[in-house]
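Please look at the structure first.

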Amino acid sequence: MSKHHYDHIRGNDKFHELVAQKSKLSWSLIALMMLVYYSFILVIAFFPEWLGTPLSSNSTLTWGMPVGIGIILFTFIITGIYVHRANNLYDMLMQKVIDASHEHVNDMQSDKKESSS
Amino acid sequence: MNGSVNITAITMFFVFVAATLGITYWAAKRTKTAKDYYSAGGGITGFQNGLAIAGDYMSAASFLGISALVFTSGYDGLIYSIGFLVGWPVILFLLAERLRNLGKYTFSDVASYRLQQRPIRLMAACGSLAVVLLYLIAQMVGAGKLIQLLFGLPYEYAVVMVGVLMVIYVSAGGMLATTWVQIIKAFLLLSGATFLAFLVLYHQNFSISALFAQAVDVHDQGIAIMGPGTLVSDPVSAISLGLALMFGTAGLPHILMRFFTVPDAKQARRSVFYATGFIGYFYILTFIIGFGAIVFVSTNPEFMDTAGALIGGNNMAAIHLSKAMGGDLFLGFISAVAFATILAVVSGLTLAGATAVSNDLYAHCIKKGTASEKNEIIVSRLATVGLGIAAIALGILFEKQNIAFMVGLAFAIAASANFPILFFSMFWKSLTTRGALAGGWVGLISAVTLVILGPIIWVDVLGNAEAIFPYKYPALFSMTAGIICLIVVSLLDKSKSANEERDAFSDQFVRSMTGIGAEKSSEY
């Protein structure tokens, strides 16, 4: 059943191309997230004063505030970017790969029927 | 307050309980198969699931605890909540769609997909139950204390009431009831917190800088609350805590289970997007609420005891603020919401624990896949009752204990045992059963051991002078130890079954990417 689909898809260059593209996107976004978060953690560990510095001399707002809120927004935005690309572009391209495998499996089955009849 | 009875709170609480019991009745009638019971038939939409996931994650502990942390040390509260948020993109990019395409009811389905079912499921069930029980005890103790304060009810009664209600929701209504209880609660919590933050800003003429300026004026630590304080002291602890939060989230069984309630990978992705949005928004609200409490609660003698401390402890900051901002009516609403939050979170946990018992241990380990669906659901219901009794007993037993370590340990176990086997089973062809077992058990045992030998239990709970393991958070070490074992043992595994397991990776990979052969939702 699915086995024939898997075999066909494994042999489809478009599938490997798409998977490579997709994993490039997700790993770059993960790297970006880790970079942002662990830089934040290291700043807290080594230069905590910086985050407590006021934005301007007459302000109580410190650099920590836009940085902290910014990380929350950043987290939300990168999930948005990924979901948008995956749900629109990648799923559409993947559907083509899947349809091709259905066609292939259907052909195989009708061939079988013909040869047996 | 002061143990006096708030009529609004009790009325709203009864309305919530009546409504959720109504939903449970409706859900019970629609829950027939194991698939309905464990995964709500796979018919929940991405948006609904996003709310439900957010509901699972926004516990009373995080609402009251994070606003309390902001109340006492300002900016540290934001640092802490950011840690809880950054795990979500990791779940999205690495797990969500693969999980949906490969699994049926739990993450053990995925971890054991091409490996030996029984030993892997046994280990995954132990990891799940450990996380669920630790989390559950923390919630029960918090619930008992909160209800005692808010409703003037004795601690034991409160714990028993929470236990009984959660057993009813879960055993009668399964995942469908649990999901809707979670959605309603998430909606109530988000609206309540939004309104509370709105009132704080309203009293400051919507000027954030005025709010911060006043808070700095009245807080003991002054301007220090606007930057990092003492939460993170040394780099090793900071990174270790960061790892536990980032990867622990991706190993929480009750969260991972939610990805099987949606129809396909598209909706699974969408649910993480919505969940991240709701959770991030919620953390921004708790930050404003914490600062609001500094300005409006710490300056009001009505909320202070004779020693100058907050009545009921710092965890009551948000609750007191609701009274300061909106009087008894709003206090009643927020109290009822806090209670609803506890009920919903313990229900989600209990369902995940019961599923580990009935699906992994009973159906796969004991019956080797020959159990009938009917019997499996009966076992799940019995397990729910068993977990309910255990939660009540442990809740009462731990009333006066220091339980601050429990959620941290739950995250450490999730990050060191559950996440690595799940991740490597999907991403690394060479993983074998032996490697997964070695890595999973080493991760689990080392996380537990290092917490026991660390400052939180060895010194604070057991009263020894100095900790054997110097760091509070073990994840950096336990996760590394688990992953190294997992890799080394897999590479050394030359058994015949190991080669078959490696060969099975390719089919698994194609399925995880395309969804061909994946579980369909009941509507199809």
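Of the 524 residues in chain B, 65% are buried; a residue is buried if 20 or more other C-beta atoms lie within 10 Å of its own, exposed if 12 or fewer, and partly exposed in between, with C-beta atoms placed from the backbone. The model is predicted: local features need pLDDT of at least 70, side-chain atom pairs count only at pLDDT 80 or more, and totals for chains, interfaces and linings use all residues. Residues are numbered from 1 along each chain as its sequence is written, and chains are lettered from A and ligands numbered from 1 in the order in which they are written.

Chain B has 21 helices and 0 strands; these are DSSP runs (helices H or I, at least four residues; strands E, at least two), numbered from the N terminus. The C-alpha trace of chain B spans about 75 × 55 × 40 Å along its principal axes.

Helix H9 of chain B covers residues 155-203, and its end C-alpha atoms are only 36 Å apart, against the 72 Å that a straight helix would reach (1.5 Å times one less than its number of residues). H9(B) has a kink of about 130° centred on Gly174(B); the bend is the angle between axes fitted to the seven residues ending at a residue and the seven starting there.

Positive phi values occur at these residues of chain B:

| Residue | Phi |
|---|---|
| Ala40(B) | about 50° |
| Asn205(B) | about 50° |
| Phe206(B) | near 60° |

Ala40(B) lies in the loop between H2 and H3 of chain B and is buried because it has 29 C-beta neighbours inside 10 Å. Phe206(B), in the loop between H9 and H10 of chain B, is exposed, with 11 other C-beta atoms within 10 Å.
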